[in-house]
Amino acid sequence: MAVEPAPGKTPDWLELATGGVTEAPIGFGRMKRKEDARFIRGKGNYLDDVRVPGMVHGALLRSPYAHAKIKSIDTSKALAHPKVAAVIIAKDLETLGLAWMPTISYDTQAVLAGDKVRFHMQEVAFVIAVDAYSAQDALQLIDVDYEVLPVIVNARKALDPDAPLIRDDKVGQTDNLASPTWEAGDKAATDRVFDEADTVATCDIIYPRCHPSPMETCGMVADFNPTTGQLDIYNGNQAPHAHRTVYAQVAGLPEQNIRIMCNDIGGGFGNKVPVYPGYVCAIAGSIVAGAPVKWIEDRSENLVTTGFARDYIMHSQICSKGGKITGLRVDVIADHGAFDSTAQPTKFPAGFFHIVTGSYDMQAAHCQVKAVYTNKAPGGVAYRCSFRITEAVYLVERMVDQLAMEMNVDPIALREASFIKPEQFPYESPTGWTYDSGEYQKAMDLAKEIAGLDELRAEQQEKLAKGEIMGIGCAFFTEGVGAGPRKHMDILGLAMNDGADLRLHPSGKAVVSISAQTQGQGHETTFAQIVGEELGISPNDIQVRHGDTDKTPYGLGTYGSRSTPVSGGAVAVVSRRVRDKARLIAAKMLETTPDDLSWEKGRWYVKGDPSKGADIEDIAEYAYGPNPMPEGLEGGLDAQAVYDPPNLTYPFGAYITVVDIDAETGKVFMRRLIAVDDCGVRINPMVVDGQIHGGLTEGVGIALMELISYDESGNCVNSSFMDYLLPTAMECPDWELGETVTPCPHHPIGAKGVGESPTNGSPPSIVNAVIDGLYHAKGIKHMDMPCNPARVWAAMNGTAQPPQ
Amino acid sequence: MQVTMSINGQEHSHDVEPRMLLVHYIREMAELHGTHWGCDTSNCGICVVLMNGEPIKSCTTLAAQAEGEEILTVEGLEKDGELDPIQMGFHECHGLHCGFCTPGMMVTGNWLINNHPDPTNMTEEDIRMAISGGLCRCTGYKNIVLAIRWAAAYRAGQTPVGAND
């Protein structure tokens, strides 16, 4: 895996612009991004930049109530608006068979509410007008007569006998249970471990509802051609192939007649995984109006109605014996909102939450998750997270700190005493996971070294004496990312494998087509680097094609840190297939046998005579030229692959946070965040660092600022960036990164996923730091996120309330 | 109403509704799609452009308010095929991922370098404060700060430090 920083050719655009030479490694290594050229010129092609001739504009009328019967809808005044082409309500969709759509979790969700609305700002009517301003005007002309119903927004009360029934649309549904209790681990064994424990810590921990909030909101341009039956969809989603399959099922359109084009996407973070009612309305609108329809939601619509994250209420106990963590039990109430559209593989209704034993060699563990319906927006997406692992990491890392408090030991020392040891890998966890590799102590040591932990503890004592509050927190996480093996997981019946298609051209330059869908992760660079590493071609000579279902092989998209683990595996495998074919051709060219050839990056050569060889470019030229091919081999130099990962990959990391807390106001200042990540082999360390920086920022947001909450009437009170606070540059420290490299033993290039590691590690690290400060200064043992000034002040003054 | 303004040195004049926002004028009338829209409430800074040399949020400015004014958008940074140092800096320092906030960030960074009394000695606080009117979900800001510093050093003829140096 040695990095060879051989100079590659500079792309013309950059040479022209800078007059300089950009070095590109032939393969792995630091390399500036190829996709930057268009973005730094304002020439990206995002959804709102799409213009189709004859395009009209859609807008959604949304419910002002969280729970209400719809008695009548009068659209006549809106239809009379001179610029309105059509107004669609639920009964119109019924005639098209589009009134309800399946969710990712096999529930059904109303596209437009017909019988009643079940959450604040639910979709009620879709207006199509010649311009976007007129569409908004027409929304005001629709009269809806509602009969307001009692509301449930507290998941703990959703199963009370007198709770109003939210899903009366579901036959046989008599309560607000969204799915039966799901369990993992061994309950009896866990009970025994707790019976024998020295110390037990108990805590109720809430991971409140938050929202991924990509800077570009969601939207679609749907263009249905009634003559050909072709449906062209422009959309920014994270899984275009899976979306196409869903649309084929929902709309009854032939799958081959649907083309989804995701051009540039302004961030996703899980928010752009689901199919939303607005998408189905845009498609239905295009069918009804006979014209291309653009629909783009505004920020409030994005925040209030699209895929939220977390909303887990967790009651937990953790125990120790002989100075080591020995057992954990967790009882979760999951709040799914009005429709269960949680993102997870089919067999895992609580996602991968049962990786909750984390990085510790526990004797036993048990978790159970019960999901309820409430009058809140649906979602449950993985906000920069692999299917509820973020919740699991937060739970166990908070509980370890709780246990350390009970034991009166250093929380980092307790972690170290309990780590899974390097020689225990592959490690079978008590809840059924097989961790592939890890060197936990090495990462922890590096984090402590960067932090200067002893000096920090001394400073904390000095400050405490002066009445100043400083906190130091740690989190150590292990994730399972890169879903996933087809024997274990699927989404909506689709195996979670990814295809790759690699074509070398006669010039030796290449196009690789992938199913992964970048939302900013830099795929055009890093996937070119994988091909470059395997074939010895400069990444600058490799075009990465993605985001168009007509031009790319099938695969399940980008989320859950699966791009490198799955699509990266596919690209490595397809490159090796090309290399194998090149070997056969090279043998013919060199008049020898394939067995007599050895590979070095970029060429096959004769064993024992390295001067006699064929470069990959020469082999490509030969393969497309009028030359005799080896017996039974077709001309050309290309290959296809579908990668079925044998296991998830298990990245890990050690994070240490230092905070200062204003004793008067409760404001938390992020002073330092040290992040040591081990994601195996790094394809492009610059891109990996960038992914970590971004995830840390979102972690700061979740820990200190971001909360989606509701008033008693079910109104979402965080409906704009005035009320849903994201971190700016001022709230973020200068990130301090460290790396260790434990290659993934089963991945073709030894890589693991990384994009979500920082969002797993940082919230518990930050909250542990806040509580460490509050504990030393005020004896406070727990508070829930977000640790904003009002909530920290309340905690300091004994009036803390759970986030709602 | 007829609204006329200069965008990137070129005059634009269009008959628009009085309520039309400047961001929509730039995107729909002038057909310059580099300026993006993000939040409606002046919080995200995605839509920042310079009006007479000062950064403004074009989602909360009416097009009519820009009547007769000079607007600079991201497309106006590059001159005669030469990238502005701020554009080079964002590339050199990996100051962008998805690119959606990048135009607003670059325009703001360009303004800061042009208006700071001592651009090659800007403090971390100077830069972070200047871009705090903008939100970025991808980069974590660290490399944006580095990119602005890179551009200031490059413009001054110093040896700039990028993300891979």
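Before the details, two remarks on conventions. The model is predicted, so to speak of local features we need pLDDT of at least 70, side-chain atom pairs count only at pLDDT 80 or more, and totals for chains, interfaces and linings use all residues. Residues are numbered from 1 along each chain as its sequence is written, and chains are lettered from A and ligands numbered from 1 in the order in which they are written.

I start with chain A. Its secondary structure comes to 19 helices and 32 strands; helices (H or I, at least four residues) and strands (E, at least two) are DSSP runs, numbered from the N terminus. The radius of gyration, taken over C-alpha atoms, is 27 Å for chain A, close to the 28 Å of the globule rule for 804 residues, so chain A is as compact as a globular protein of that length. That rule is 2.2 Å times the number of residues to the power 0.38. Along the principal axes, the C-alpha atoms of chain A fill a box of roughly 85 × 75 × 55 Å.

How much of chain A is buried? Buried residues are 60% of its 804. A residue is buried if 20 or more other C-beta atoms lie within 10 Å of its own, exposed if 12 or fewer, and partly exposed in between, with C-beta atoms placed from the backbone.

Now the inside. The largest nonpolar core has 309 residues, and those with the most contacts inside it include Ile88(A), Leu112(A) and Val531(A). Such a core is a set of buried Ala, Val, Leu, Ile, Met, Phe, Trp, Tyr and Cys residues joined through C-beta atoms within 7 Å. Helix α15 of chain A, residues 563–590, gives the most to this core, with 11 residues. Take Val531(A): leaving aside neighbours within four places in sequence, its contacts include Leu502(A), Ile537(A) and Val571(A). Contact here is for two residues whose C-beta atoms, placed from the backbone, lie within 7 Å.

Next, one sheet in chain A. Five strands form an open sheet in the order β9-β17-β16-β15-β10, with mixed pairing; two strands pair if DSSP finds at least two bridges between them. β9 (177–185) and β10 (199–207) of chain A are at the edges with a single partner strand each, so one side of each has no neighbour in the sheet. Strands β15 (312–321) and β16 (324–335) of chain A are antiparallel and pair over 10 bridges. One bridge joins His315(A) to its partner Asp331(A) in β16(A). Helix α6 of chain A, residues 187–195, packs on the sheet, and its direction makes about 120° with that of β17(A). Axes are lines fitted to C-alpha atoms, for helices over the stretch in contact, and angles run from 0 to 180 degrees between N-to-C directions.

On to chain B. Chain B has five helices and five strands, running β-β-α-β-β-β-α-α-α-α from the N terminus. Its domain assignment gives domain 1 (2–76) and domain 2 (85–155), the bounds coming from an automatic or database assignment. The C-alpha centres of these two domains of chain B lie 21 Å apart. Their contact takes 14 residues from domain 1 and 11 residues from domain 2 of chain B.

Last, where the chains meet.
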